[in-house]
Amino acid sequence: MIAVFPRSSIPGHEYLEADYECAPGYYMVSTITRLLCRNRQWVGQLPKCKIKANFEGVCIDASCDHVCKEVDGRPVCSCYKGFRLEDDKCIDINECLLNNGHGPCQDTCRNTIGGYECSCDGLQDTVLSADNHTCQDAGPCSVNNAGCSHTCLSTMGRVFCLCPDGFILEDDWKTCQDVDECAQPDLQTEMCRYGCINTPGSYRCAEPMELKDQPILDSLSITCLPGYEATPDGTCIGKWFNPYG
């Protein structure tokens with residue numbers, strides 16, 4: 001790294017400045033390339049240089065910033081991830097310009113050299129998730145889901161437990177209880193001819209013979225052709241055939 005030391009001797013404005021440049025074969029990774037010395041103390045962060053990759057042959061004298069490869073006897077420049085190539089120079093890509101200034105972040109995006117950083121400073125009671133992009137609740141719902149058996153919603157300092165479709169909130173306002181859809185008469189007659197089977201959060205209609213051990217409901221109306229009769233499972237068989245022995 002090469003440092004040049006311009007200075008000012010104007011009374012009341014004395015300072016010493018160090019302007020840094022990278023030596024041949026290296027490139028600057030810092031946005032600020034100088035330090036300022038006032039009152040016998042350097043102010044700022046020391047700039048950093050990195051070695052250029054694959055610089056040999058025709059690439060030794062090339063003006064590439066990051067990577068140089070020899071193609072058909074001539075140098076071809078390319079950039080590391082997070083940079084774009086402009087006239088053999090690698091310019092940092094500001095990922096935070098996308099999505100109305102949020103970039104790939106759910107909330108706050110801060111551009112860095114060759115990358116970006118996400119934070120949740122703009123969303124109250126949230127912290128950055130493990131994916132380093134989205135924000136997760138840092139309020140009461142973040143501790144044991146605030147006692148909710150399913151979804152926890154924290155807003156204005158209050159906690160609300162929510163249930164998915166097919167469940168209903170019990171009297172404790174925290175536990176979601178499955179709704180027995182099969183208790184509705186229509187599901188036992190009109191919609192499910194062979195009976196209704198309750199499932200967590202939903203139901204399904206039984207297949208023929210699936211509920212053969214259960215008596216068919218009186219309200220289930222089955223009309224069979226002459227010579228056939230209805231069975232307890234809701235099907236029609238010939239009167240001369242007895243599947244139950």
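Author: Happy to! Accessible areas come from the Shrake-Rupley method with a 1.4 Å probe, and for residues only the protein chains shown count as cover. The accessible surface of the protein chain comes to about 17,100 Å², with 52% of it belonging to carbon and sulfur atoms. This is a predicted model, where local features need pLDDT of at least 70, side-chain atom pairs count only at pLDDT 80 or more, and totals for chains, interfaces and linings use all residues. Residues are numbered from 1 along each chain as its sequence is written, and side-chain values use heavy atoms, leaving out hydrogens and water.

Now for the part itself. The unreviewed UniProt entry places the feature "domain: EGF-like" at residues 58-91, among other spans; positions follow the numbering used here, feature names are shortened, and annotations may be inferred rather than shown by experiment. Residues 58-91 are 0% helix and 50% strand, and their end C-alpha atoms lie 23 Å apart. Helices (H or I, at least four residues) and strands (E, at least two) are DSSP runs, numbered from the N terminus.

Look for Cys 59 in the loop between strand S7 (49-51) and strand S8 (67-71). Cys 59 counts as buried because its relative accessible area is 1%, and buried means under 20%, exposed over 50%, and partly exposed in between (1.4 Å probe, protein chains only). In the protein chain, buried residues make up 24% of the 245 residues.
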